[in-house]
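Trainee: I would like to learn how to read a model like this one, feature by feature. Please give me the general idea each time, then the case itself.

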Amino acid sequence: MRKTLNDLPLMAVVLIFVVDLTLIVTTHLRWEHTVDKYLPIEQEMTTLRNSISEAHLWFEEVIGGDKYIDIEKDVMEPFAHKPLKHFIQGLSIFSDEEEYQLIIKDIQKIDLELDTLYLMAKKRWQDTVKHGIGSDLDQEFDLLFKVDIGYIDAMIGHVQQQFSNELRERDVYFQWILILFISVNILVFIVLYWTRREKGRFETALAREKEQAEVTMRSIGDAVITTDTDGWVTFLNTVAEELTGFSNAQAEGRPLLSVFNIINAKTGEVAINPVEKVLKHGLIVGLANHTVLIAKDGREYQIADSAAPIRDTAANIIGVVLVFRDVTKEYALQEKFEREQERLEHAINGTQVGLWDWDLVANTLYFSPRWKSMLGYGDDELTNELTTWSALVHPADLERAQADILRCQKSRDMTYENIHRLRHKDGHWVWILDRGQTIFDEDGKAVRMVGFHTDISQQKEAELALVESNTRYQMLFDESPVPLWEEDFSSLFAYLKKLKESGVDDFRIYFDANPDAVKRCIQMIKVEDVNQATLELHKGESKEQLLGNLEKMLIDRSLIVFKEELIAVAEGKMEFESEAEVKTLSGEPRFVYIRLKIKNDRPGSFKALLATTDITKRKVAEMALSDSEIKIRSVFRAAPIGIGVVTDRVLQEVNSFFCQITGYTKEELLGNSARMLYLSDEDYEYVGREKYRQIQEKGTGTVETQFRRKDGKVIDVLLSSTPLDLSDLKVGVTFTALDITQQKVAAQELRDKEEMMISQSRHAAMGEMISMIAHQWRQPLAVISMGANNMLVDIELEELTENAVKEQSYDILRQTQELTHTIDDFRDFFRPNRVKEKVDIYSVLVDTEKVVGPALKYNDITLKMESDVETSVLIHKRELIQVFLNLINNAKDAVLVHAQRKKEIAITVKEDKDTYKIVICDNGGGVDPAIKAKIFDPYFTTKTKQTGTGLGLYMSKTIIERHFEGKIAVENRSDENGMLIGACFMVSLPKY
C-alpha cells in the first residue's frame, strides 16, 4: 500500500508531462503545417490576379494609343506569368493530401488557361498593329480574360475556405487538448492530496503504536529501569519514578547508581551494582536479601529486584533492564516469619517451611502444613501421598521434575533442585523452587528424600516481565519502520574540543575555509548499530555493511547538511534536525529527513541516536510539481488564447492575451465581476446558466456570446469552462476565451456566397423550366386554337349550333385549367421558403416529377419511382426539389446523348439505421472515371458553355452536406460483362 501511495505522484507527474508535451508539439506543428500549406497559395494567386489585372488595364491603354507604356515589360511579361510556373514546381512535394493535390492540379489548369491568354494577347496586339482598333479579337480576349480571372478568384476562394476549415479544426483540436491538459492537472492535484492524506494516516498510526508501547511500559505494575551497556539510565517507568523520586527526563543519561541508590539494610554498605554483574556475566541476577532503595527525598524502600541483559537479534547485549518492587511490608513479614520459623525449626528438630519428607522404603510421604498452605490448602485438605504432588504439578513440568528426582536418588553427591509449577487451590499456578537431598544407607541404597518448597512466583513473574519487556524493546527497535542509527560521537567531540582550545571560536568560518576538516570529521563518527528499516533504506543485506564509517552513505551534497550539523554540535547543541541527500550501498540517491540526539553518558563518551525518514518520493514530487507549475505558468502566459479563473464569477486571474482581447489591463479586470464584459444583464445571466448546466452534465461548458471591449467595440467570443473541483464549484472555474469575430464574419460571407450560388443555380434552371413549360403548353394551346378555328369555320358556314359552342367552350376551359395547374407547379418551385419543415421524401419526388415529367415524356424517357418505407426528414423543401431537379436533368441529358432505344431513369428510396438513402440511376453510359473526382467541383461541366454552368452538382453537394448534414456520392454500374450501363447518384439524409 505504501509503495503504491509513493508511486502515485510520480505516475501523475509523468502523465501531465506527456499531455504537456503533446499540447506544445502537436498544436505548433499542425498550425504551422496549415499556414505553410495554404497561405503561400493564397498570396501567389492574389499576386497573380493583381498582376494580370494591372497588365490588362495597361493593355487597354496601349491599344488606345498610350505611347508611354512598355508593351513587353508592362503587359506581355505579366501575361507570361513565369513566377506561377516556378511556384507550381515548388508545390508538388509539399503535401500528399488528396485535397491539396487537387488544388495543385487546378492551379496547373489556370497556368494552361493563362498560357492561352498570353498567346491571345500576342495575337491581339499583332492584329491591332496591322489593322488598328476594333478587331473581333477584342471581345474574345476580354471574354477569355474574365474567364481566367474567374478561375483565379474561385481558386482564391477555395483556398481561403480550405484554410479556414483547417484552422477551425486546429482550434477545436487545441481546445480539446487544452481541456485535457487542465483536467489532468486537476487529477494530479487530487492524487497528490489523497497521497498526502494516506501518508498522514500512516504516520498517525505509527505514532499511536509508539505511544501505546510507551503506555504499556509505564503501565507495568513493577518498577522498570533500562540502561545502556555503560550503565547509564535510558528509561524509567511511572512506578520507578515514584520509588526513586526521579522523573524519566531527570534520570535519562545519568549513571544508574545516582538514580538507583541501593544499600545493604543490615550493613549499610553500598550494594553491588546489578548492571555490572549482568554485563560481566551476561546472566539474570537478583539483588541480595535486605536490599534497601534510598529515594531522592531520602525515603527508604525494601525492594526485591532482578536484572537481565537486553540482547539484539545477534544475541549481543545492548543494555540492561531492572525490574523491582517495593517489598518493605513483605520483608517485615518475612523477617517475622523467619524468626517464627527459626523457633519452629528448633521445636521440630530443624523442620523447615514447606517441608516434605519421603520414606522411600515404606513409600510414605509427609507434607508439612506450611507446604500445603503455600498452595491454599489446609493441613487436612491434602493427603500425604506422592500422587497428591504429581496431580498438582503442571503437566509441562512433571516429566522434568520426576527425572530430576530419579537422578538425585541415584547419586550420593547430587543435590536435588528443580523449579516447577503447582496448581493453587484457586486455580492459578505457583512457581516453586524445590530443593532436596537423598539419604542413603550404609549400602548406598536410597532410603529417604528430604526437601522443602520455596514460593518463587514473584521472582518468576519478574523474570517473565523482563523477558517480555526485552522482547518488546527489541521488537520496537528492530521492527520500527523508522530507520534508526546508533553512532559514537566521542572522537568527534574530542576533536572539536581540541579546536576550541586551539583558538577556533567561529566554526562556520573555520569549516568554510577548511573543507577537508569536514571530511575528517565524518570519518571520526562510528556507526555502532542500525535497525532493519535502515538496511532496507540503504539496500543493505546485513548490519555489518553499514557499521563503522559513515562516509560510505554520503555524497558531496550531503556535506552541506553535515557541516551545519558540525557547527550546531560545536556550538553545544545536542539535538539537530534537517533534510539531507544520501545514497544507498548501490549508489542510488535518497532524500531523508534526519533527527539527531546526542547523549553524554559519561565523561568523554558521546552517543548519538539518529532517526531518518525517507522523503525521496515527496522531494521528487515536490520538484516535479514545481517544474509542472512553471510549465503551467508558461503556457498560461504564452497561450494565444484568453485564459483565466473566476470564483463566483469574479475574475481572479487572467493572462495577457485575455487582456488583449478585452482591451482592459490586468489590474482593471482582477477582483471585478465578469458582468463588466457583457452587453446586458440578460447575456450575463444566460451564459452563467448555460455554462453551469453543461458543467453539471458533462464536466465542461462551452457558450458563444459577445463582449464589449474597453473601447466600446463588440466582439464575438467562444467561452469554454471547467471547474477546478467538480465536487465543489465554489472553489473556482478555469475558462478560455477565443475571439471568433473574424470567423463569424467569414462564416456569414460564406453563407451569403452559398445562397448567391444556390440562387444562380436555381435561375440557371429557369431556362430549362421555361422550355418545359413551352412543351407542356403546346398541346393545350393547339387544342384551344383548333377549337376556336372550328367555331369560326362553323360560323362562316352558318353551321354553328348551341351544343357545338358549349362543347368547344368546355374543351377550351379544360385546357385553360391544365395551363393554370402548370403555372402553379412552376411557381411553387421559385417561392421563397427559409424555414425547415418536416416532409416525406417520396412526396418531394412527386412534386419534382410534376415539374420535370413533361420534359421526360417529350423525350421518351421513362421515370420510375419506388419507396417501401415511411420517411421523415427536416429540410428546406424547395432546396431538396432543386437537388432532385439537378440530378434528374443531368440523368436526362446523359440518356439523350447515348441515344438508348429504351431510355430510363429509376429512383428508389431506402432506409438504414440512421439515414434515408435516395438512389437516382440512369442508363446513360456512366461517368468517365477520369472526371469522376471532379464532377462536384464548382464551375466544372462536361456540357457546352451555352447549356451548362458547372454549378448544378456543386450546389447540390453544398445543399445536401452543409444545409442538410447529409452525404452525396456517385458510382457507375455495369452489366455482367463489365460494360458500363449508367451512373447512380446516392443521397443520404439523416432521419428526423
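Trainee: Let's begin with strands. Which residue in β18 does E487 stand opposite?

Mentor: E487 faces A608 in β18. Before going on, keep in mind that this is a predicted model, in which local features need pLDDT of at least 70 and side-chain atom pairs count only at pLDDT 80 or more, while totals for chains, interfaces and linings use all residues. Residues are numbered from 1 along each chain as its sequence is written, and side-chain values use heavy atoms, with hydrogens and water left out.

Trainee: How many bridges join β13 to β18?

Mentor: The general idea is that helices (H or I, at least four residues) and strands (E, at least two) are DSSP runs numbered from the N terminus, and two strands pair if DSSP finds at least two bridges between them. Here β13 and β18 run antiparallel and are joined by five bridges. β18 also pairs with β17, again in the antiparallel sense, over nine bridges. Within that pairing, Y593 stands opposite T613 in β18.

Trainee: What do β17 and β18 form, and which residue in the turn has a positive phi?

Mentor: They make a hairpin with two residues between the strands, and G604 in the turn has a positive phi of about 85°. Most residues other than glycine have a negative phi. N363 is worth a look, then: its phi is near 55°, a positive value in a residue other than glycine. N363 sits in the loop between β8 (355-359) and β9 (364-367). D860 is another non-glycine residue with a positive phi, near 60°, and its place is the loop between α26 (841-858) and β25 (861-867).

Trainee: Are N363 and D860 buried or exposed?

Mentor: Buried means under 20% relative accessible area, exposed over 50%, and partly exposed in between, using a 1.4 Å probe and protein chains only. N363 counts as exposed because its relative accessibility is 53%. D860, with a relative accessible area of 58%, is exposed too. V35, at 22%, counts as partly exposed; this residue belongs to helix α1 (residues 2-63).

Trainee: How does the lining of the largest cavity divide by class?

Mentor: Ala, Val, Leu, Ile, Met, Phe, Trp, Tyr, Cys and Pro count as nonpolar, Asp, Glu, Lys and Arg as charged, and the others, Gly among them, as polar. The lining of the largest cavity has 15 nonpolar, three polar and two charged residues. The second largest cavity holds about 120 Å³ of space, and its lining has nine nonpolar, one polar and two charged residues. Y678, F707 and L719 are among the residues that line the second largest cavity.

Trainee: Y678 and F707 are both aromatic. What kind of aromatic pair do they form?

Mentor: A pair of aromatic rings is described by the distance of the centres and the angle of the planes. Rings of Phe, Tyr and Trp (its six-membered ring) pair if their centres lie within 6.5 Å, with planes under 30 degrees apart counted as stacked, over 60 as edge-to-face and the rest as tilted. By this rule there are ten aromatic pairs. Y678 and F707 are edge-to-face, 5.3 Å centre to centre with 80° between the planes. The pair links distant parts of the chain, 29 residues apart: Y678 in the loop between α22 (666-669) and α23 (681-698), and F707 in strand β21 (residues 701-708). Y678 counts as buried because its relative accessibility is 6%, and F707 counts as buried at 4%.

Trainee: And L719, which residue in β23 does it stand opposite?

Mentor: L719 faces A737, which is also the bridge partner of G642. β23 pairs antiparallel with strand β22 (residues 714-723) over seven bridges, and five bridges join it to the antiparallel strand β19 (residues 642-647). Strand β23 (residues 733-739) is mostly covered, with six of its seven residues buried.

How values were computed: 1 Å grid on protein atoms, 1.4 Å probe; cavity = no way out; pocket = protein on both sides within 12 Å on 5 of 7 lines; lining within 4 Å. Points joined across faces, edges and corners; volume = space filled by probe spheres on them.
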